[in-house]
Amino acid sequence: MAATQLKPCLVLLLTFSLLAFASAISRNRIKSLNQIKEVNRKGPYIGLITVIATEEDAFFASGSFKPDPKFPFIDLSGRRFRFGVVRGRKVVYVRCGEGMTNAVAATQQMVDLFDIKGIIHFGIAGNTNNSMSIGDVTIPNQIAHTGLWEWLNTNGTLDSADVAQLEIGDYNVPKGNGTNLLGHIGYMEEEYYSVAGEPNVAESLLWANISPQWLQLASNLEGMKLEQCVNSSLCLTEKPKLVVGLRASTSNIFLDNAAYRDFLFQKFGVSSADMESAGVAMVKHSCFYFFLLV
């Protein structure tokens with residue numbers, strides 16, 4: 001008899017728990033929406049996006065970012081969007097996290113919820129151009145997503161629409177030593193949807209262009225002096241430089257391979273490789289925001 005009575009009690013307890021949880025989420029959502037409405041009254045903002053904690057720490061340590069005293073941040077979907085000013089310009093800043101998925105999710109959330117007039121994405125990247133060195137700053141004019149592949153067997157036929165091809169057997173050691181069962185890779189163009197395009201019809205895109213107006217502004221930075229030393233005992237071997245107008249590549253791959261780095265430079269003419277920039281740029285192209293990558 002006691003067991004029979006216990007089951008309805010457990011069901012009732014669970015129901016009340018779910019209702020309380022849903023109610024708490026609803027209250028938090030309403031609070032967030034009211035905060036978003038309030039901060040947007042102060043807009044528009046320039047969106048700033050970094051990727052990892054190290055980049056964020058360096059940004060805050062510079063002292064350039066001054067938080068908004070009333071609404072310093074809003075937490076949304078696990079991310080903290082911070083509001084403030086940088087040299088008199090209103091900004092909303094977020095750290096997106098590693099990889100294309102995080103970059104797209106954070107950028108889309110930023111432009112959907114806040115009054116954004118443009119986005120600057122900045123952080124570290126790998127070098128694929130031997131003329132660039134550690135400590136150099138590059139502001140590219142184009143970004144390609146080089147992680148969209150079709151990977152075939154050695155006897156597979158690549159699509160004629162592929163923009164580049166990687167024959168893995170070309171890297172056998174010794175060279176020309178038999179067939180490599182990893183076959184070959186074809187690089188595909190990205191598909192994207194745009195507010196200016198036909199609904200539900202994808203367009204092909206290889207190179208995402210940086211906003212020319214902002215790229216022109218960035219060109220004024222060329223020749224600026226960059227610090228060579230962090231302190232008296234830690235210095236770069238060469239004087240760092242800032243270069244505007246090179247190409248960049250993005251894929252969900254942390255690149256630390258000299259042979260593949262050289263392949264990207266030779267086939268695509270890119271000078272840097274990272275894991276997020278093309279994702280941010282795709283949102284820019286879809287929504288027609290100004291965009292700059294540093």
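## Loops, sheets and helix packing in a predicted model

Asparagine 200 sits in the loop between strand E13 (190–192) and strand E14 (203–205). The model is predicted. Asparagine 200 is not a glycine, yet its phi is positive, about 65 degrees. Its relative accessible area is 72%, so asparagine 200 is exposed.

Arginine 87 is another residue other than glycine with a positive phi, near 50 degrees. Its place is the loop between strand E4 (79–86) and strand E5 (89–95). Arginine 87 counts as exposed because its relative accessibility is 76%, and the cut-off for exposed is over 50%.

Serine 77 also has a positive phi, about 50 degrees, and lies in the turn of the E3–E4 hairpin. Most residues other than glycine have a negative phi, and most peptide bonds are trans.

Two peptide bonds are cis. One joins glycine 43 and proline 44, with omega about 5 degrees. Proline 44 lies in the loop between helix H1 (2–40) and strand E1 (45–50). The other runs from valine 173 to proline 174, with omega near 0 degrees. Proline 174 is found in the loop between E11 and E12.

### The E3–E4 hairpin

Two residues separate E3 from E4 in the hairpin. The strands are antiparallel and pair over four bridges. Phenylalanine 73 stands opposite arginine 82 in E4.

Which residues of strand E3 (residues 73–76) are on the covered face, and which on the uncovered one? Ile74 and Leu76 are on the covered face, while Phe73 and Asp75 are on the uncovered one. In a regular strand the side chains alternate between the two faces of the sheet.

E11 and strand E12 (residues 184–187) run antiparallel and are joined by four bridges. Glutamate 167 has histidine 184 in E12 as its bridge partner.

Another open sheet has five strands in the order E7-E20-E19-E9-E15, with mixed pairing. Strand E7 (126–127) and strand E15 (207–209) each have a single partner strand, so one side of each is left without a neighbour in the sheet. Strand E19 (residues 247–250) and strand E20 (residues 270–274) are parallel, with four bridges between them. Threonine 250 stands opposite aspartate 274 in E20.

### Helices across the sheets

Helix H6 lies across strand E9 (142–145), E15, E19 and E20. The table gives the angles.

| Helix | Reference strand | Angle |
|---|---|---|
| H6 | E9 | about 110 degrees |

H6 also packs against another helix. Helix H3 (residues 100–113) and helix H6 (residues 277–287) have axes 7 Å apart and meet at an angle of about 35 degrees. The crossing of H3 past H6 is right-handed.

Which residues of H3 meet H6? They are Met100, Ala103, Val104, Thr107, Gln108 and Val111. On the H6 side, the contact residues are Ala278, Gly279, Val280, Val283 and Cys287. By class, this contact of H3 with H6 has eight nonpolar, three polar and no charged residues.

### The two sides of H4

In helix H4 (residues 212–219), Trp214, Leu215 and Ala218 are buried. Seen down the axis of H4, the buried residues fall within an arc of 105 degrees, so they line one face of the helix. Which exposed residues does the face turned away from the buried side carry? Pro212, Gln216 and Leu217 are the exposed residues there.

Methods. Residues are numbered from 1 along each chain as its sequence is written. This is a predicted model: local features need pLDDT of at least 70, side-chain atom pairs count only at pLDDT 80 or more; totals for chains, interfaces and linings use all residues. Side-chain values use heavy atoms; hydrogens and water are left out. Buried means under 20% relative accessible area, exposed over 50%, partly exposed in between (1.4 Å probe, protein chains only). The arc is that of the directions from the helix axis to the C-beta atoms. Two strands pair if DSSP finds at least two bridges between them. Axes are lines fitted to C-alpha atoms, for helices over the stretch in contact, and angles run from 0 to 180 degrees between N-to-C directions. A crossing is left-handed if the near helix is turned anticlockwise from the far one by less than a right angle, and right-handed if clockwise. Contact means heavy atoms within 4.5 Å. Ala, Val, Leu, Ile, Met, Phe, Trp, Tyr, Cys and Pro count as nonpolar, Asp, Glu, Lys and Arg as charged, and the others, Gly among them, as polar.
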